[in-house]
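Q: Please take a close look at the part of this structure that its database record annotates, and at the aromatic side chains connected with it.

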Amino acid sequence: MELADKTVGFLLSLTSLSIFTYYTLWVIILPFVDSDHFIHNYFLPQEYAILIPVFAGVLLLCFLGLFVGMVMLKSKKKKA
């Protein structure tokens, strides 16, 4: 099982590094590149650089609130 855990950890690290690199290039480097350069074909429009993280954050907060609510309801049922 140790090899499987290391493989999953490596894949998660590689995925995180890839997303970080893509987002960094998209937000920090791309605005300084001419708009007619071919590299713009590989990135989404700049508006999504803000919309995607905001949507992900709202979704995360919703799931977190749902989880906390479910735990509170279950603990209340155990006491009764």
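A: In this predicted model, the unreviewed UniProt entry places the feature "transmembrane region" at residues 7-29 and 49-73. Residues 7-29 are 100% helix and 0% strand, with their end C-alpha atoms 32 Å apart. Residues 49-73 are likewise 100% helix and 0% strand, and here the end C-alpha atoms lie 37 Å apart.

The whole structure holds 4 aromatic pairs. In one of them, the ring centres of Tyr 22 and Trp 26 are 5.9 Å apart and the planes stand at 45 degrees, so the pair is tilted. Both residues lie in helix α1 (residues 2-29), 4 residues apart, which means a separation of about one helical turn. Tyr 22 is partly exposed at 33% relative accessibility, whereas Trp 26 is buried at 3%.

Tyr 22 also pairs with Phe 43: their ring centres are 4.9 Å apart and their planes at 25 degrees, so this pair is stacked. It connects distant parts of the chain, since Tyr 22 is in helix α1 and Phe 43 is in the loop between α1 and α2, 21 residues apart. Phe 43 is buried, with a relative accessible area of 15%. Through ring pairs, Tyr 22, Tyr 23, Trp 26 and Phe 43 are joined into a cluster.

How values were computed
Residues numbered from 1 in each chain as written. Predicted model: local features only at pLDDT ≥ 70, side-chain atom pairs only at ≥ 80, totals over all residues. Heavy atoms only, no water. UniProt positions renumbered as here; feature names shortened; annotations may be inferred. Helix = DSSP H or I, 4+ residues; strand = E, 2+ residues; numbered from the N terminus. Phe/Tyr/Trp six-rings, centres within 6.5 Å; stacked < 30°, edge-to-face > 60°. Buried < 20%, exposed > 50% of the residue type's maximum accessible area, 1.4 Å probe, protein only.
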